[in-house]
Amino acid sequence: MTEHVKIEISDGVMTLTLQRPEKKNALTGAMYNAMSAALGQAEANASVRVVLFQGDGDSFTAGNDLADFASQARGESTVDSPAHHFIETISKVGKPLVAAVQGNAVGVGTTMLLHCDLVYLADNARLITPFVNLALVPEAASSWLLPLRIGHARAYAMFALGEPMDAAGALASGLANAVVPAADLRKKAHDAAIALTRRPAGSLSLTKRLMREHQRIAAQIAAEGEVFKERLATPEAREAFAAFAERRPPDFSRLSA
């Protein structure tokens, strides 16, 4: 057990459970670091065959804790971003990744799913990527992977307008493997993870490698990361985070691009 991230290994499955339900599982630097470390351990541990992500409460995750973003926007944080390190880490994992998603999956809660191999959604799931609303840009190579998966028009609406995608839409768009009642979600995802543990690990790893353009993904993550960092220092971002803290609509009308 690490702060707000429960790590369990059983029957070849490492389960990472986000446990900050009172904050909708908003991700802190410590939580990102815990998940990155766990993924590294999973890769090095031959007894771990599959990693399963899930979240307690009524949301998978509200995405990055905005207090961390606001701190970076004010120039108060100079350390390398734990979020960016997690994104780099999850994009390189060779073992199968499974996700069980209920309620809202915001920001990285959606983009990390593009790096998972099997995604199961509760019927109340909503995928939300409000990067532009926060005066930021997409991350986790999602500016390339999401249009590749669902087409430019739908991806742009999710990014630029912050339009949520419901579970049925995500299934129809190829972002999920199945939609199930919330009460059945964890069993469905766990059963799939167990099924993967019974497949030859070498074949699974090589199949995943052949299916993913790792160099292209790494390059996109790096390019997005540079722009994202720059955006955090802009007046637009400061206005977005100030508005969030003050519980008011942001006003970008007097700010230049």
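Hi everyone, let's start in the middle: the largest nonpolar core here has 61 residues, and those with the most contacts inside it are M35, V51, F53, F86, L121 and L127. A nonpolar core is a set of buried Ala, Val, Leu, Ile, Met, Phe, Trp, Tyr and Cys residues joined through side-chain atoms within 4.5 Å; buried means under 20% relative accessible area, with a 1.4 Å probe and protein chains only. Helix 1 gives the largest share of this core, seven residues.

A quick note on the model: it is predicted, so local features need pLDDT of at least 70 and side-chain atom pairs count only at pLDDT 80 or more, while totals for chains, interfaces and linings use all residues. Residues are numbered from 1 along each chain as its sequence is written, and side-chain values use heavy atoms, leaving out hydrogens and water.

Now, which residues does F53 touch, leaving aside neighbours within four places in sequence? Among them are L16, M35, L39, F86 and I90, where contact means heavy atoms within 4.5 Å.

On to the helices, which are DSSP runs (H or I, at least four residues), numbered from the N terminus. The axes of helix 1 (residues 29-44) and helix 3 (residues 82-92), lines fitted to C-alpha atoms over the stretch in contact, come within 8 Å and cross at roughly 25 degrees. That makes the two helices roughly parallel, a word used for angles under 35 degrees. From helix 1, M35 and L39 are among the residues meeting helix 3, whose side includes F86 and I90.

Finally, helix 6 (residues 152-160): A155, A157, M158, F159 and A160 are buried there. Just after helix 6, G162 takes a positive phi of about 70 degrees.

Methods: Axes fitted to C-alpha atoms, helices over the stretch in contact; angles between N-to-C directions. Parallel < 35°, antiparallel > 145°, perpendicular 65-115°, else oblique. Buried < 20%, exposed > 50% of the residue type's maximum accessible area, 1.4 Å probe, protein only.
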